[in-house]
Amino acid sequence: MARVRARLRVSKPKSGAQQTARFNGWTAHFDRYVLEDETGEETAFSHAEGEVLRMFLEAPKRLISRQQMQESLGGAAGESFDRAMDVRISRLRTKLREDPKNPRLIKTIYGAGYIFLGDVAWS
């Protein structure tokens, strides 16, 4: 039942869903699929990257397991989903100018999942 509820929560659009999030000098505009840095420089992100980023921003400082990501984002089971998720997260880190060897916003917790460490304000 929990999986069904989680799936329904993600699949139906939220009325009055917030479209802009601010975190660590960045502004994510989900209505335009754009990340804006402190200087105003914009970087586009894909819908798939946006889904992952929104998931992180809606649950800051909480562990998100691969299984939770798979259930929420509707990925197929198995290695192909894992690789696709790795690629999405890697691209997000690149766009957020993260050091691949020592990321400060999206941390990998080996064997458990990921955690987003930034403070988030929605508008």
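Is Asp119 buried or exposed? With a relative accessibility of 53%, Asp119 counts as exposed, where exposed means over 50% relative accessible area, buried means under 20%, and partly exposed lies in between, computed with a 1.4 Å probe on protein chains only.

## Basis of the model

This is a predicted model, in which local features need pLDDT of at least 70 and side-chain atom pairs count only at pLDDT 80 or more, while totals for chains, interfaces and linings use all residues. Residues are numbered from 1 along each chain as its sequence is written, and side-chain values use heavy atoms, with hydrogens and water left out.

## Overall organisation

The protein contains four helices and eight strands. Both kinds of element are DSSP runs numbered from the N terminus: helices are H or I runs of at least four residues, and strands are E runs of at least two. Read from the N terminus, the order of elements is α-β-β-β-β-α-β-α-α-β-β-β.

Of the 123 residues in the protein, 33% are buried. Among contacts between residues at least 6 apart in sequence, 51% join residues at least 24 apart, a contact being heavy atoms within 4.5 Å.

Five strands make up an open sheet with the order E4-E3-E2-E1-E8 and antiparallel pairing. Two strands pair if DSSP finds at least two bridges between them. E4 and E8 are the edge strands, each pairing on one side only. From one strand to the next, the twist averages 20°.

Strands E3 and E4 are joined in the antiparallel sense over three bridges, and Glu36 has Glu42 in E4 as its bridge partner. Helix H2 packs on this sheet, where H2 touches E1, E2, E3 and E8, and the direction of H2 makes about 105° with that of E8. For such angles, axes are lines fitted to C-alpha atoms, for helices over the stretch in contact, and angles run from 0 to 180 degrees between N-to-C directions.

## The nonpolar core

The largest nonpolar core has 24 residues, and those with the most contacts inside it are Phe23, Phe56, Met69 and Ile106. Such a core is a set of buried Ala, Val, Leu, Ile, Met, Phe, Trp, Tyr and Cys residues joined through side-chain atoms within 4.5 Å. Two or more residues of this core come from each of strand E1 (20–23), strand E2 (26–29), helix H2 (47–58), helix H3 (66–73), helix H4 (79–95) and strand E7 (113–116). H2 gives the most, with five residues.

Leaving aside residues up to four places away in sequence, Phe23 touches Ala28, Leu35, Leu53, Leu57, Leu96, Leu105, Phe116, Asp119 and Val120. In helix H3 lies Ser72, which is buried at a relative accessible area of 16%.

## Salt bridges

The model has eight salt bridges, each defined as a side-chain nitrogen of Lys or Arg within 4 Å of a carboxyl oxygen of Asp or Glu. One of them joins Asp37 and Arg97, whose closest N and O atoms are 3.1 Å apart. Asp37 lies in the loop between strand E3 (34–36) and strand E4 (42–44), and Arg97 in the loop between H4 and strand E6 (106–109), so this pair ties together parts that are 60 residues apart in sequence. Asp37 is buried at 10% relative accessible area, whereas Arg97 is partly exposed at 46% relative accessibility. Asp37, Glu41 and Arg97 are linked in a network of salt bridges.

Lys61 and Asp119 also meet through their side chains in a salt bridge, at 2.4 Å from N to O. Because Lys61 lies in the loop between H2 and strand E5 (63–64) and Asp119 in the loop between E7 and strand E8 (120–122), the pair ties together parts that are 58 residues apart in sequence. Lys61 is partly exposed, with a relative accessible area of 46%. A further salt bridge joins the side chains of Asp86 and Arg66 at 2.4 Å, N to O. Asp86 lies in helix H4 and Arg66 in helix H3, so parts that are 20 residues apart in sequence are tied together. Both count as partly exposed, Asp86 at 23% relative accessibility and Arg66 at 27%.
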